[in-house]
Amino acid sequence: MVREILVWPHPVLKQKAEPVSVVDDSTRELIKDLFDSMYAADGVGLAAPQIGVLKNVIVLDTTPRQPEARPLAMVNPEILTYEGKVEYREGCLSIPGEAEDVDRAAVITVRFQDAEGQTQTLTCDGLLAIAVQHETDHLKGTMFVDHISTLKRELIRKRMKKLQAAQEAEKKEAAAEAKKSKSRARAEAR
Ligand code: NI
């Protein structure tokens, strides 16, 4: 099911997620919702806190940029090693329309449990390595904007507040419109 993606600075995005003790059907349901929501929003990665679930689960699919990659679901991901340095212009589904250069390790090794609960270790580079670092950051309540200058971050915060205010106004308007047409229909029925 496609879930609503929270927009920064939503307070849940700042919280630390909890480890998953047992990988079960509810975990697999969460993984499916994450994939559905990520693909619907045309993203390459999504973390559970972004749909309001404070659990250590992330999904990734960098295949559009890395044909050798594959869709990955990671439960309790833990980055074991970081090597090299790379700068990449990152975006985030919780910060729509924004992108900034962020420094990341070029090569990482990550240990996680898959959807069956099996422990796996993966060494990766390129966009996948960046995406894993970005998504595991979400599990610690860290956003990519926490890696950029305060000035840039505050400008983005202002734009997000504006965007949220516009979205709220739109929702209210739609609700008022729905109410109006409902009472109109009732009046006509009389
Ligand atoms: Ni993100």
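Student: What percentage of the 190 residues of the protein chain count as buried?

Tutor: The share is 43%, where buried means under 20% relative accessible area, exposed over 50% and partly exposed in between, with a 1.4 Å probe and protein chains only. This is a predicted model, in which local features need pLDDT of at least 70 and side-chain atom pairs count only at pLDDT 80 or more, while totals for chains, interfaces and linings use all residues. Residues are numbered from 1 along each chain as its sequence is written, and side-chain values use heavy atoms, with hydrogens and water left out.

Student: How many helices and strands does the protein chain have?

Tutor: There are three helices and seven strands, and along the sequence they follow the pattern α-β-β-β-β-β-β-β-α-α. Helices (H or I, at least four residues) and strands (E, at least two) are DSSP runs, numbered from the N terminus.

Student: What is the strand order in the open sheet?

Tutor: The five strands are arranged as β1-β2-β3-β6-β7, with antiparallel pairing. Two strands pair if DSSP finds at least two bridges between them. The edge strands, β1 (45-47) and β7, each pair on one side only. From one strand to the next, the twist averages 35 degrees; axes here are lines fitted to C-alpha atoms, for helices over the stretch in contact, and angles run from 0 to 180 degrees between N-to-C directions.

Student: How many bridges join β2 to β3?

Tutor: Four bridges join these antiparallel strands. Ile58, for instance, has Met74 in β3 as its bridge partner.

Student: Which strands does helix α1 lie across?

Tutor: Helix α1 (residues 25-40) lies across β1, β2 and β3, at about 40 degrees to β2. Helix α2 lies across β1, β2, β3, β6 and β7, and runs at about 155 degrees to β2.

Student: Moving inside, which residues of the largest nonpolar core touch the most other members?

Tutor: They are Leu60, Met74, Ile108, Val110 and Val132, in a core of 18 residues. A nonpolar core is a set of buried Ala, Val, Leu, Ile, Met, Phe, Trp, Tyr and Cys residues joined through side-chain atoms within 4.5 Å. Two or more residues each come from β2 (57-60), β3 (72-83), β6 (107-113), β7 (119-124) and α2 (126-139). Helix α2 gives the most, with five residues. Apart from this core lies another of 17 residues, including Ile31 and Leu46.

Student: And what does Val132 touch?

Tutor: Not counting residues up to four places away in sequence, Val132 touches Leu60, Met74, Ile79, Ile108 and Val110. Contact means heavy atoms within 4.5 Å.

Student: Which residues coordinate the nickel ion?

Tutor: Cys92 (SG), His134 (NE2) and His138 (NE2) do, at 2.1 to 2.3 Å. Donors are N, O and S atoms within 2.8 Å of the metal (3.2 Å for Na, K and Ca), and water is not among the atoms, so sites may look incomplete. The spacing of the donor residues in sequence is C-x41-H-x3-H. Cys92 lies in the loop between β4 (86-90) and β5 (100-104), whereas His134 is in helix α2, so the pair ties together parts that are 42 residues apart in sequence.

Student: Are Cys92 and His134 buried or exposed?

Tutor: Both are buried.

Student: Where is Gln15, and what is it in contact with?

Tutor: Gln15 is in the segment before α1. Leaving aside neighbours within four places in sequence, Gln15 is in contact with Leu54, His138, Leu139, Lys140 and Gly141. Gln15 counts as partly exposed because its relative accessibility is 37%.
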